[in-house]
Amino acid sequence: MEIVRAVGVDLEFVKDHGVESLQDGTMGTFDATGREERAKEIMNAVWERGGYAFVAKKDEQILGWIIAGLNVDYFSGEEVGFIYDLYAFVEHRGKGVGKALLQHAIADLRDKGYAEIRLNVFAGNPAQKLYESLGFAVRSSQMVLK
């Protein structure tokens with residue numbers, strides 16, 4: 001497996017499959033049915049903020065991707081590194097793809113000088129265990145009353 005910056009057809013592939021990632025990462029909160037344009041709007045906002053992607057590939061097949069970049073803390077105004085999306089296709093989960101992508105993005109963001117790296121994860125998302133294993137800790141929780 002190799003991890004490379006997503007450009008050209010690889011970047012288009014990530015953009016084209018963003019709907020799957022949004023639906024999966026939000027634990028189904030984002031229902032992509034008939035909302036492909038909304039998914040593209042959400043992803044375009046990340047690209048416009050300077051987000052970039054890395055893909056994990058084996059024999060030219062994309063196994064998954066990670067999207068990272070800059071974010072600004074709402075309260076302090078501090079610039080922080082941010083993981084916007086981590087996705088591995090179902091058939092490649094549990095094989096180290098996500099961990100390798102996450103480690104690669106963390107190293108890249110550290111090289112860019114970010115002292116802090118953040119991400120959001122929905123409650124119940126199995127990826128939370130991966131994040132915690134690499135040192136991420138819960139900073140805040142969003143609660144819902146229906």
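A search of the whole structure, a predicted model, finds nine aromatic pairs. Rings of Phe, Tyr and Trp (its six-membered ring) pair if their centres lie within 6.5 Å; planes under 30 degrees apart are stacked, over 60 edge-to-face, and the rest tilted. Helices (H or I, at least four residues) and strands (E, at least two) are DSSP runs, numbered from the N terminus.

Tyr74 and Phe75 also pair edge-to-face, at 5.1 Å centre to centre and 90 degrees between the planes. Are Tyr74 and Phe75 buried or exposed? Both are exposed. Trp65 and Phe89, in turn, are both buried. Buried means under 20% relative accessible area, exposed over 50%, and partly exposed in between (1.4 Å probe, protein chains only). Trp65 and Phe89 also belong to one aromatic cluster with Phe13 and Tyr87.

Now to Asp10. Asp10 lies in helix α1 (residues 8-16). Asp10 counts as buried because its relative accessibility is 12%. Leaving aside neighbours within four places in sequence, Asp10 is in contact (heavy atoms within 4.5 Å) with Val4, Val55, Lys57 and Ile62.

Residues are numbered from 1 along each chain as its sequence is written, and side-chain values use heavy atoms, leaving out hydrogens and water. In this predicted model, local features need pLDDT of at least 70 and side-chain atom pairs count only at pLDDT 80 or more, whereas totals for chains, interfaces and linings use all residues.
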